[in-house]
Amino acid sequence: QKHLVESGGGSAQAGGTLRLSCAASVYIENNNCMAWFHQSPGKERERVATIERDDGVTTYSDSVKGRFTISLDRARGSLHLQMNSLEPEDTGLYYCAFRFRPCWVEAEFEVWGQGIQVTVSS
């Protein structure tokens, strides 16, 4: 089965850093849009960052803009999220997701990771 595996989560203090990674368990074709989602306890899952495979154009939610950076290793097909200046509100599950349609069009994501826990303490 096609699926994604996240790694690099864990705990950090406020103001600290974590780096999340996402890799396909098997080769996945046509990954034209890749994204990270965040789900805080009791809240709806939120798209926090996207990246276009072809030109590297990125988008960020207001909550992480200026603190998080999404990047793609095109040679390995792996996705990363550099999380700086962490805040307790960043606590929750983080999911990576791939899809065929580019990020700039309205479409659903097709392949998802299982989620990885991030906990930020004061």
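## The disulfide between Cys22 and Cys96

Cysteine 96 is buried, with a relative accessible area of 0%, in a model that is predicted. Its disulfide partner is cysteine 22, and the two sulfur atoms are 2.0 Å apart. Cysteine 22 belongs to strand β3 (residues 18-24) and cysteine 96 to strand β9, so this pair ties together parts of the chain that are 74 residues apart in sequence. Cysteine 22 is buried as well, at a relative accessible area of 1%, and the torsion about the S-S bond is about 70 degrees, so the disulfide is right-handed.

Alanine 23 also lies in strand β3, yet alanine 23 is partly exposed, with a relative accessible area of 36%. Alanine 23 and cysteine 96 are 73 residues apart in sequence, while their C-alpha atoms are 9.0 Å apart in space. When neighbours within four places in sequence are left aside, the residues in contact with alanine 23 are His3, Leu4 and Val5.

## The disulfide between Cys33 and Cys103

The search of the whole structure finds 2 disulfides, and one of them joins cysteine 33 to cysteine 103, with the sulfur atoms 2.1 Å apart. This pair links distant parts of the chain, since cysteine 33 sits in strand β4 (residues 33-39) and cysteine 103 in the loop between β9 and β10 (111-112), 70 residues apart. The torsion about the S-S bond is about 105 degrees, so this disulfide is right-handed.

Cysteine 33 is buried, with a relative accessible area of 0%, and cysteine 103 counts as buried at 14% relative accessibility, given that the cut-off for burial is under 20%. If the bonded cysteines of the protein chain are numbered in sequence order, the pairing reads 1-3, 2-4.

## The four-stranded sheet

An open sheet of 4 strands has the order β1-β3-β8-β7, and its pairing is antiparallel. The edges are taken by β1 (4-7) and β7 (68-73), each of which has a single partner strand, so one side of each is left without a neighbour in the sheet. On average, and with direction ignored, neighbouring strands of this sheet are turned by 15 degrees against each other.

Within this sheet, β3 and strand β8 (residues 78-83) run antiparallel and are joined by 5 bridges. Cysteine 22 stands opposite leucine 79 in β8.

## Strand β11 and its partners

Strand β11 pairs with strand β2 (residues 10-13) in the parallel sense over 4 bridges, and with strand β9 (residues 92-99) in the antiparallel sense over 3 bridges.

In soluble globular proteins, nonpolar side chains tend to be buried together. The largest nonpolar core in this model has 25 residues, of which Leu20, Trp36, Leu79, Leu81, Met83 and Tyr94 touch the most other members. The elements that give two or more residues to this core are β3, β4, β5 (46-52), β7, β8, β9 and β11.

Leucine 81 illustrates the contacts made here: apart from neighbours within four places in sequence, leucine 81 is in contact with residues including Leu18, Leu20, Trp36, Ala49, Phe68, Ile70 and Tyr94. A second, separate core consists of 7 residues, among them Phe37, Tyr95, Ala97 and Cys103.

## The aromatic cluster

Of the aromatic pairs, 4 are found in a search of the whole structure. Phenylalanine 37 and phenylalanine 109 form an edge-to-face pair, with 5.4 Å from centre to centre and 85 degrees between the planes. Phenylalanine 37 lies in strand β4 and phenylalanine 109 in the loop between β9 and β10, so the pair ties together parts that are 72 residues apart in sequence. Phenylalanine 37 is buried at a relative accessible area of 7%, and phenylalanine 109 is buried at 9%.

Phenylalanine 109 also pairs with tryptophan 112: the ring centres are 6.2 Å apart and the planes stand at 70 degrees, so this pair is edge-to-face. Tryptophan 112 is partly exposed, with a relative accessible area of 25%. Ring pairs link Phe37, Tyr95, Phe109 and Trp112 into a cluster.

Methods
Residues numbered from 1 in each chain as written. Predicted model: local features only at pLDDT ≥ 70, side-chain atom pairs only at ≥ 80, totals over all residues. Heavy atoms only, no water. Pairing = 2+ DSSP bridges. Disulfide = S-S within 2.5 Å. Buried < 20%, exposed > 50% of the residue type's maximum accessible area, 1.4 Å probe, protein only. Axes fitted to C-alpha atoms, helices over the stretch in contact; angles between N-to-C directions. Core = buried A, V, L, I, M, F, W, Y, C linked by side-chain atoms within 4.5 Å. Contact = heavy atoms within 4.5 Å. Phe/Tyr/Trp six-rings, centres within 6.5 Å; stacked < 30°, edge-to-face > 60°.
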